[in-house]
Amino acid sequence: MHDEQKIIALKRGINNEDFRQQEKAIKEQNRQKKFEAPIKKRRRFNIINFLFSVFVIYFAYTAVNQYQMLNDLNNQIDEKLFEKAKVEKKVQELKSDVEKMNNEEELLDLVEKIARNQYKMVKPNETIYIDKNKTDNKLIQGIGFQGDLEN
């Protein structure tokens, strides 16, 4: 309304030709202001949206990478704990073997166990029966042909 008051004041004080030129100039300025204002807001709004989008994408990318790293580290921890349990079991077996070495009777049993399992030795006049259908039998590993094991 401020502009309309200016136009009315100009009508009273100026002749028709000058009035029309000034009125035209004021209307043109108003029209340009209307067109310029949304463009500035739109550009600023687009820049803010773009920066926000970049931030969200970066945050999501970082979160996914950290999640994958945590899963990998947890898997490695589980593997190491499993290996630790196996080693502790082996240590207990070795400690029991060391204790058996102190007793002569248990030492002979230990030597016999090693001779039978690792070197596939048998006692005199002892007959061993091998089940060919059982493929995880330690006695038949390395004996015969692979075709014999499959039959």
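A salt bridge is taken here as a side-chain nitrogen of Lys or Arg within 4 Å of a carboxyl oxygen of Asp or Glu. The tour concerns a predicted model, in which local features need pLDDT of at least 70, side-chain atom pairs count only at pLDDT 80 or more, and totals for chains, interfaces and linings use all residues. Residues are numbered from 1 along each chain as its sequence is written, and side-chain values use heavy atoms, with hydrogens and water left out.

**The whole chain**

Begin with a cartoon view. The protein has 4 helices and 0 strands, giving the pattern α-α-α-α along the sequence. These elements are DSSP runs numbered from the N terminus (helices: H or I, at least four residues; strands: E, at least two). Colouring by accessibility shows how much is covered: of the 151 residues, 5% are buried. The classes are buried (under 20% relative accessible area), exposed (over 50%) and partly exposed (in between), with a 1.4 Å probe and protein chains only.

**The salt-bridge network**

Next, select Glu112, Arg116, Lys123 and Glu126, which are linked in a network of salt bridges. The structure holds 4 salt bridges. Side chains of opposite charge can pair when their charged atoms come close.

Centre on Glu112, whose side chain meets that of Lys123 in a salt bridge (3.4 Å, N to O). This pair joins distant parts of the chain, 11 residues apart: Glu112 lies in helix H3, and Lys123 in the loop between H3 and helix H4 (146-150). Glu112 is partly exposed at 30% relative accessible area, and Lys123 is partly exposed at 46%.

Glu112 also forms a salt bridge with Arg116 (3.2 Å, N to O). Because they are 4 residues apart in helix H3, Glu112 and Arg116 are separated by about one helical turn. Arg116 is partly exposed, at 27% relative accessibility.

From Arg116, move to Glu126: their closest N and O atoms are 3.0 Å apart in a further salt bridge. Glu126 counts as partly exposed, at 31% relative accessibility.

**Asn125**

Stay in the loop between H3 and H4 and select Asn125. Most residues other than glycine have a negative phi. Asn125 is exposed, with a relative accessible area of 84%.

**The largest pocket**

Now display the largest pocket, with a volume of about 350 Å³. Of its 13 lining residues, Lys90, Asp97, Lys113, Ile114 and Gln118 are the closest to its centre. Helix H2 (16-102) and helix H3 (104-118) are the elements that give two or more residues to this lining. H2 gives the most, with 7 residues.

A pocket is an open set of points on a 1 Å grid over the protein atoms alone, where a 1.4 Å probe fits, with protein on both sides within 12 Å along at least five of seven lines; lining residues have an atom within 4 Å of a point. The volume is the space filled by probe spheres set on the points.

Colour the lining by residue type to see 4 nonpolar, 3 polar and 6 charged residues. Ala, Val, Leu, Ile, Met, Phe, Trp, Tyr, Cys and Pro count as nonpolar, Asp, Glu, Lys and Arg as charged, and the others, Gly among them, as polar.

**A nonpolar patch**

Finally, show the surface and select Ile47, Phe50, Leu51 and Val54, a nonpolar patch with about 420 Å² of accessible area together. Such a patch joins nonpolar side chains (Val, Leu, Ile, Met, Phe, Trp, Tyr) within 5 Å, in residues with over 30% relative accessible area and no salt bridge. Areas come from the Shrake-Rupley method with a 1.4 Å probe. Phe50 belongs to helix H2 and is exposed, at 55% relative accessibility.

Conventions
Patches are made of residues with over 30% relative accessible area and no salt bridge: like charges are joined within 9 Å, nonpolar side chains (Val, Leu, Ile, Met, Phe, Trp, Tyr) within 5 Å.
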